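Subject: Handing over the model

Hi,

Here is the structure I promised to pass on. Could you have a look, then read my notes below?

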Amino acid sequence: MRRITRFYKNNRILIWTIIGTGTLFLLWWIISLLVNSTLFPGPQVVVPEFVAHLGKGGTYLAIGGTLIRLLISIALGFFFGILLGIFGGLSVGFRAFMRPFIIVFRTIPTAAVVFIIVALLKPMFAPTIIVFLIVFPILYESVVSGITNVDQSIVDALKIDGTNVRKAVFKIYLPLSWSYILLGLVSSIGLGMKVGIMSEILAGSDSANGLGKLIRDAATIADMKGVLSYSLIAIILIGLIDIGMYFLKKKLKNYAR
């Protein structure tokens with residue numbers, strides 16, 4: 001009994017995650033029985049299709065396309081987030097100047113931005129730009145929070161010593177803000193993945209290969225089995241990223257303390 005109790009305490013998160021996943025599949029199966037199974041096929045139909053897709057090279061090319069766009073967007077968001085976040089953290093005026101942009105990026109409907117970008121540029125660029133607009137505010141505010149939370153005694157010592165701004169930024173402010181920056185980066189990856197796939201669906205570009213394109217193509221021919229199987233791949237991929245980010249975020253929070 002003690003072994004069972006100890007095992008449960010050490011693995012309760014994993015146990016309840018498995019129970020929750022099983023319950024989700026059970027509800028999915030029940031709903032598919034209650035509605036038209038053609039419009040909403042159950043897991044007994046979708047899972048074999050899901051396994052079949054995993055054996056196709058095109059599926060992995062689509063996953064790679066989605067991940068590459070995510071990495072490009074994260075890299076751009078990270079660069080501009082740090083660059084502008086430094087100015088925002090050091091200058092109250094610049095922080096006030098950037099506030100309207102951050103509010104707009106955080107609140108504007110994603111679908112509206114996709115349609116605007118598609119109208120102004122090529123549809124294939126829409127997912128990358130959309131993800132950038134989503135992750136940039138997170139990374140920018142992480143840098144600003146890190147710099148503004150540097151201990152005031154350190155700031156006063158820098159003023160007394162007459163340390164120049166550039167040296168203070170790279171040797172004091174950014175190193176002390178690193179835990180905030182990493183937490184922002186971790187938070188933006190999972191969210192960026194979800195938004196990226198949705199943007200691929202909405203953009204409707206045949207040249208932007210990705211999971212969103214596969215889902216849209218299946219929906220175009222009313223292949224609900226395909227829609228759900230590709231969606232299951234996306235859900236599992238996002239879930240794996242979220243789980244990895246959860247444990248990494250936990251470690252970073254402990255480090256920040």
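Contact, as I use the word here, means heavy atoms within 4.5 Å. Keep in mind that this is a predicted model.

With that in hand, let me begin with tyrosine 230. Leaving aside its neighbours within four places in sequence, tyrosine 230 is in contact with His53, Thr59, Leu214, Ile215 and Ala218. Tyr230 also turns up in the largest nonpolar core, which has 23 residues. Together with Met193, Ile197, Leu211 and Ile233, Tyr230 touches the most other members of that core. Which elements give two or more residues to this core? They are helix 3 (57-90), helix 6, helix 8, helix 9 (211-220) and helix 10. Helix 10 gives the most, with 9 residues. There is a second, separate core as well, made of 15 residues, with Met98, Ile134, Phe136 and Ala203 among them.

Next, a helix pair. Helix 4 (residues 92-107) packs against helix 6 (residues 126-148) at an angle of about 145°, and the two axes are 9 Å apart. The crossing is left-handed. On the helix 4 side, the residues that meet helix 6 are Phe94, Arg95, Met98, Ile102, Phe105 and Arg106. Helix 6 answers with Leu133, Phe136, Pro137, Ile138, Tyr140, Glu141, Val144 and Thr148. Sorted by class, that contact comes to 10 nonpolar, 1 polar and 3 charged residues. Two names from this list, Met98 and Phe136, are also included in the second core.

Serine 229 is found in helix 10 (residues 224-256). Is serine 229 buried or exposed? Its relative accessible area is 0%, so serine 229 counts as buried. The side chain of serine 229 reaches the backbone oxygen of glycine 226 at 2.9 Å. Not counting residues up to four places away in sequence, serine 229 touches Val46, Glu49, Phe50 and His53. His53 is also on the contact list of tyrosine 230.

Serine 179 sits in helix 8 (residues 165-203). With a relative accessible area of 10%, serine 179 is buried too, because anything under 20% is classed that way. How far apart are the C-alpha atoms of serine 179 and serine 142? They are separated by 9.1 Å, while the two residues lie 37 residues apart along the chain.

That's what I have for now.

Cheers

Definitions and conventions. Residues numbered from 1 in each chain as written. Predicted model: local features only at pLDDT ≥ 70, side-chain atom pairs only at ≥ 80, totals over all residues. Heavy atoms only, no water. Axes fitted to C-alpha atoms, helices over the stretch in contact; angles between N-to-C directions. Helix = DSSP H or I, 4+ residues; strand = E, 2+ residues; numbered from the N terminus. Left-handed = near helix turned anticlockwise from the far one by under 90°. Nonpolar A, V, L, I, M, F, W, Y, C, P; charged D, E, K, R; others polar. Buried < 20%, exposed > 50% of the residue type's maximum accessible area, 1.4 Å probe, protein only. Polar contact = N/O pair within 3.5 Å; in protein donor to acceptor, adjacent residues only side chain to side chain. Core = buried A, V, L, I, M, F, W, Y, C linked by side-chain atoms within 4.5 Å.
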